[in-house]
Amino acid sequence: ISGSITSLAKAALKNILFFLFQLGVLTFSLFFLLRDGAKVFRRAVELVPLPPEHKTSLVSRLYTTITAVLRGIFVVAAVQGLLAAAGYFIFGVPFSVLLGAMTAFFAPIPILGTGVVWVPTALGLLLSGAPDKALAVTLWSVLIVGTVDNFLRPILIGAEAKLPILLLFFGMLGGLQVYGFAGIVVGPVVVALFLALADIYRREYRWLLAPQKEEP
């Protein structure tokens, strides 16, 4: 048991340090992105070997997708907060509104997420002699609050960015697998750019893709 506890403590410390490192890199990157992002982006677009109208199409698709992803993240966090508050209220947990607001705040944060609220709450209910409430809060948080983002986020992003929901869903799963939390943004961006380039290819080579008519 002591060996298992030591291994879990080491893994938890490693994950926390890695999260703090990622947070520092993100903060450092955002500083320069907000300061020089527009200029760097314009220079990068100039290097793309495409006609101006195609560059405009790609930039517009990229902007729409990133905006939809960020908006979807915060909308899903708000929905998770509302569902958590409703569950706490139904099961008679004190300060249900406050706990729901905390859930919405922590929901977009990687590693932490909604568990930083419902796990201590369930443990508190269990230690206070209410195991039925602790079990109800755990099931509600895992099955409802914790999984709603897996279904709601692709629908919201796909509807606003006009992306196929099934392709977007697998793109986000692949992005999470390869890039971690950043894959939530990278996955939809890659899907959007692929579809935009496919549309450009279809317009430019329509004559080649069209079926050839046989001469009599």
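Here are my questions, each with a reply.

Me: Before we start, what kind of model is this, and how are residues numbered?
Reply: Residues are numbered from 1 along each chain as its sequence is written, and side-chain values use heavy atoms, with hydrogens and water left out. As for the kind, local features need pLDDT of at least 70, side-chain atom pairs count only at pLDDT 80 or more, and totals for chains, interfaces and linings use all residues, since this is a predicted model.

Me: How many helices and strands does the protein chain have?
Reply: Helices (H or I, at least four residues) and strands (E, at least two) are DSSP runs, numbered from the N terminus. Read along the sequence, the pattern is α-α-α-α-α-α-α-α-α. The count is 9 helices and 0 strands.

Me: What percentage of the residues in the protein chain count as buried?
Reply: Buried means under 20% relative accessible area, exposed means over 50%, and partly exposed is in between (1.4 Å probe, protein chains only). The protein chain has 216 residues, and the buried share of them is 28%.

Me: Is Gln80 buried or exposed?
Reply: Gln80 sits in helix 2, which covers residues 52–90. Leaving aside neighbours within four places in sequence, Gln80 has contacts (heavy atoms within 4.5 Å) with residues including Thr103, Val145 and Asp149. Its relative accessibility is 5%, so Gln80 counts as buried.

Me: Which residues does Ser96 contact, leaving aside its neighbours within four places in sequence?
Reply: Ser96 belongs to helix 3. With 11% relative accessibility, Ser96 is buried. Its contacts beyond those neighbours are Ala85, Tyr88 and Phe89.

Me: How many aromatic pairs are in the whole structure, and which type is the pair of Phe91 and Trp140?
Reply: Rings of Phe, Tyr and Trp (its six-membered ring) pair if their centres lie within 6.5 Å; planes under 30 degrees apart are stacked, over 60 edge-to-face, and the rest tilted. A search of the whole structure gives 2 aromatic pairs. For Phe91 and Trp140, the centres are 6.1 Å apart and the planes are at 80°, which makes the pair edge-to-face.

Me: How far apart in sequence are the parts that this pair ties together?
Reply: Phe91 lies in the loop between helix 2 and helix 3, and Trp140 lies in helix 5 (residues 131–145). Phe91 is partly exposed at 23%, and Trp140 is partly exposed at 24%. The pair therefore ties together parts whose separation in sequence is 49 residues.

Me: What type of pair do Phe105 and Phe106 form?
Reply: Phe105 is exposed, with 57% relative accessible area, whereas Phe106 is partly exposed, with 21%. Their ring centres are 5.1 Å apart and their planes are at 85°, so the pair is edge-to-face.

Me: Which residues of helix 8 are buried?
Reply: Each of them falls under the cut-off for buried given above. The buried residues in helix 8 are Gly183, Ile184, Gly187, Pro188, Val189, Val191, Ala192, Ala196 and Ile200.
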